[in-house]
Amino acid sequence: MACRSSCCAGGGGGGDGGGGGGGGGGGGGPLNEDNARFLLLALLIVAYLLCGAAVFSALERPAEREAKARWTLRLERFGRTHNLSAEELRGFLRSYEEASVVAGIRVDTVRPRWDFSGAFYFVGTVVSTIGFGMTTPATIGGKVFLMFYGLIGCAATILFFNLFLERVITVIAFVLKYCHRRRRHKADVLPHTAGPHRGSEVNTAGGNGGVGGRGEGLAGWKPSVYCVMLILGVAAITVSCCASLMYSAAEGWAYLDSLYFCFVAFSTIGFGDMVSSQRPAYEGRATTAYRLGNFLFIVTGVCCIYSLFNVISIVIKQVLNWLLRRMEAACRYRCCCCLPGWCGGGGGGGGGGGGGGGAGGHHHPHRHPRRNVVAPGHLKARRELSIETDVANESETDTGRRMSGEMISMRDFLAANKVNLAIMQKQLSEMANGHPRQPGCSSSRQNGFSGGVGALGIMNNRLAETSVDR
């Protein structure tokens, strides 16, 4: 679609005879980069879901059929042995399902679900968005209270996760910068020990400025997102492995099942097929210690996995930007091959007294191209507009229109309101940040990671790949 609109933007042919000049540049606008990235990500997610569905269906469907066949056979044998009809058996099993949902009735003895400790475990799964599903409110009052309680609790917990992510990124950046400084210091010291002549030359040429040069070089240094992702991945794996040891010993699960539970719980998926700390008591009189360790492991694991997911999203966004650049380059190459006039200019001029054809691909001098679009690099470099310049141009046009007595069209009225809304949004953003934006941080230099919301906004300009100076 973007390629087609760009190809249609080429110049038309010239006029003939004594008529006017040839056709000018086309008007199909380029596709917005943010929208293109959003659509590309949506298509990739749909493809990812289809592939996952095919894999899980191939893996789990045979086991499901075998389990259903075994259950049907056992149900028939049980009915014949105790002289019970199928309707009576289904009614009894339905009563068991209702008791299991409302009161948590299980074949094995489990802890009370709605005493204070059980309720605390429940609200922890609610605000952390894990939602195992083994405990749910059954009364109308409990369901209504859960709606309001979860609204505030989930928002506060997400804010806590974001603040945790901000501090983790800060600590990791500080440690990596310290290691980078030590490594550069050793690299600068080693040449001095190679020989006295080289050391004297360095001291004579640099003096104290060498240290200052290192400081200036490290002033804008930021850690790579891949190093941060590696550190967070190691931390998440370490926490999961340690927690799995505890769950294997306390719950009697296999170690692989414990790892599976850790990922499901820490990533807040929360299927509910395996839930920890559900027995009324544990061996060795360590019930309180185990439940405290379970709480700490879940909180730490959720924070680590949440931070890791957000850092991985930066890498995914880099891949999307790379794909968009490749698609844009292929689109421009295809358009240049199909329409040579699109790259070289407009159509030819008309014969006789006719004027020359307009240049293909050029915009009207008073028409402002859209921001943040997928456009060639030389067009982006020539255009460094801000909201203030757009307001000035709009105001000049509006003033001239009012002086001429011409009425403002609905399109111009909506455009003016859009500019005013953008100014208000900019002022609110500056007030929220406590300082105005730097004039050098233009939209063309923000590398596709600026203006992020939530975790993306926290990691903006904190990593090398999200830096505006990159």
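Which residue forms a salt bridge with R167, and how far apart are the closest N and O atoms? Here is a friendly walk through that pair and a few other features.

1. **The basis.** This is a predicted model, in which local features need pLDDT of at least 70, side-chain atom pairs count only at pLDDT 80 or more, and totals for chains, interfaces and linings use all residues. Residues are numbered from 1 along each chain as its sequence is written, and side-chain values use heavy atoms, with hydrogens and water left out.

2. **The opening pair.** The partner of R167 is E166, with the closest N and O atoms 3.8 Å apart. A salt bridge here is a side-chain nitrogen of Lys or Arg within 4 Å of a carboxyl oxygen of Asp or Glu. R167 is exposed at a relative accessible area of 52%, while E166, at 24%, counts as partly exposed. For these words, buried means under 20% relative accessible area, exposed over 50%, and partly exposed in between (1.4 Å probe, protein chains only).

3. **Salt bridges in helix α2.** Searching the whole structure turns up six salt bridges. One of them joins the side chains of E33 and R37, at 3.4 Å from N to O. These two residues sit four residues apart in helix α2 (residues 33–82), about one turn of the helix, and both are buried. Helices (H or I, at least four residues) and strands (E, at least two) are DSSP runs, numbered from the N terminus.

4. E64 is partly exposed, with a relative accessible area of 34%, and K68 is exposed, at 53%.

5. **How α8 meets α9.** Two packed helices are described by the angle between their axes and the distance between the axes. For helix α8 (residues 225–251) and helix α9 (residues 255–266), the axes come within 8 Å and cross at roughly 125 degrees. Axes are lines fitted to C-alpha atoms, for helices over the stretch in contact, and angles run from 0 to 180 degrees between N-to-C directions. α8 and α9 are therefore oblique to each other; angles under 35 degrees count as roughly parallel, over 145 as roughly antiparallel, 65 to 115 as roughly perpendicular, and the rest as oblique.

6. **Residues at that contact.** Among those meeting across the two helices are V239, L245 and Y247 in α8, and Y255, L259 and F266 in α9; contact means heavy atoms within 4.5 Å. The residues of this contact divide into ten nonpolar, four polar and no charged. Ala, Val, Leu, Ile, Met, Phe, Trp, Tyr, Cys and Pro count as nonpolar, Asp, Glu, Lys and Arg as charged, and the others, Gly among them, as polar.

7. **Two backbone spots worth a look.** N83 is not a glycine, yet has a positive phi of about 55 degrees. N83 lies in the loop between α2 and α3 (86–103) and is exposed, with a relative accessible area of 70%. T268, also not a glycine, has a positive phi of about 60 degrees. T268 is in the loop between α9 and α10 (287–338) and counts as partly exposed at 24%.

8. **The whole chain.** The protein has 15 helices and zero strands. Of its 470 residues, 27% count as buried.
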